[in-house]
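User: Could you walk me through how to read a few features here? I'd like the general idea, then the case at hand.

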Amino acid sequence: VYWPSFVAGAAEPGSPQQQTAIVHTILALASSTVPAFIFSSLLNEKRQFRAVDIQNATLAGGVAIGTVANMAIQPVGAVAVGCVASIVSTYGFNVIQPKLEALGVHDTCGIHNLHAMPSIVGAICSIIACAITAGDDEKLQENSLWQTDNTKSADQWWRQLVGMFAVLAFAIITGL
């Protein structure tokens, strides 16, 4: 219920950026629930719903949309982000986590599956959204919090890419 305030809190109250971010966040959160149920039962050996999968994967849409919520994406884009993040999160809990545990890496809180993997989905979506709107500086300017007057949209996609790798490197190094 409060997740949209995390995502849209930096925007000016009542602004189009804030309204867009709130709607996209709600859509991503809502759309992440159905795949969570489907893939929870498909990926586990007993073909039953697992509460840990569903509980976390339903939030994965909110994590992933955080990067692109105020960008010039259509509502269907927010739904797609939520669905993909949910599937990736559920896959992480059922397939990747047991493999990591076999290697001696224990993620007792599911941070990797709930935050790390969906955030990479969101970062990739931000790169795609910036690449699609490249050259349309007016549209990008009106729908973005981070766009400045001296940054052109043609440059933004690679800035998102570099930012994703910088954060990923920092997380891995500090995690080790």
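Analyst: Happy to! pLDDT is the predictor's confidence in each residue, from 0 to 100. The chain's mean pLDDT is 86, with 89% of residues reaching 70 or more. This is a predicted model, where local features need pLDDT of at least 70 and side-chain atom pairs count only at pLDDT 80 or more, while totals for chains, interfaces and linings use all residues. Residues are numbered from 1 along each chain as its sequence is written, and side-chain values use heavy atoms, leaving out hydrogens and water.

User: Which elements have the lowest and highest mean pLDDT?

Analyst: Helices are DSSP runs of H or I with at least four residues, numbered from the N terminus. Helix H7 (residues 137-142) has the lowest mean pLDDT (55), and H5 the highest (93).

User: Which residues of H6 are buried?

Analyst: Buried means under 20% relative accessible area, with a 1.4 Å probe and protein chains only. In H6 the buried residues include Asn 113, Leu 114, Met 117, Val 121 and Cys 130.

User: And which residues touch the most other members of the largest nonpolar core?

Analyst: In soluble globular proteins, nonpolar side chains tend to be buried together. A nonpolar core is a set of buried Ala, Val, Leu, Ile, Met, Phe, Trp, Tyr and Cys residues joined through side-chain atoms within 4.5 Å. Here the largest has 20 residues, and Ile 65, Val 68 and Ile 73 touch the most other members. Helix H4 (51-65) gives the most to this core, four residues.

User: What is Val 68 in contact with, leaving aside neighbours within four places in sequence?

Analyst: Contact means heavy atoms within 4.5 Å. Val 68 is in contact with His 24, Ile 73, Val 81, Gly 122, Cys 125 and Ser 126.

Note on methods: Buried means under 20% relative accessible area, exposed over 50%, partly exposed in between (1.4 Å probe, protein chains only). Helices (H or I, at least four residues) and strands (E, at least two) are DSSP runs, numbered from the N terminus.
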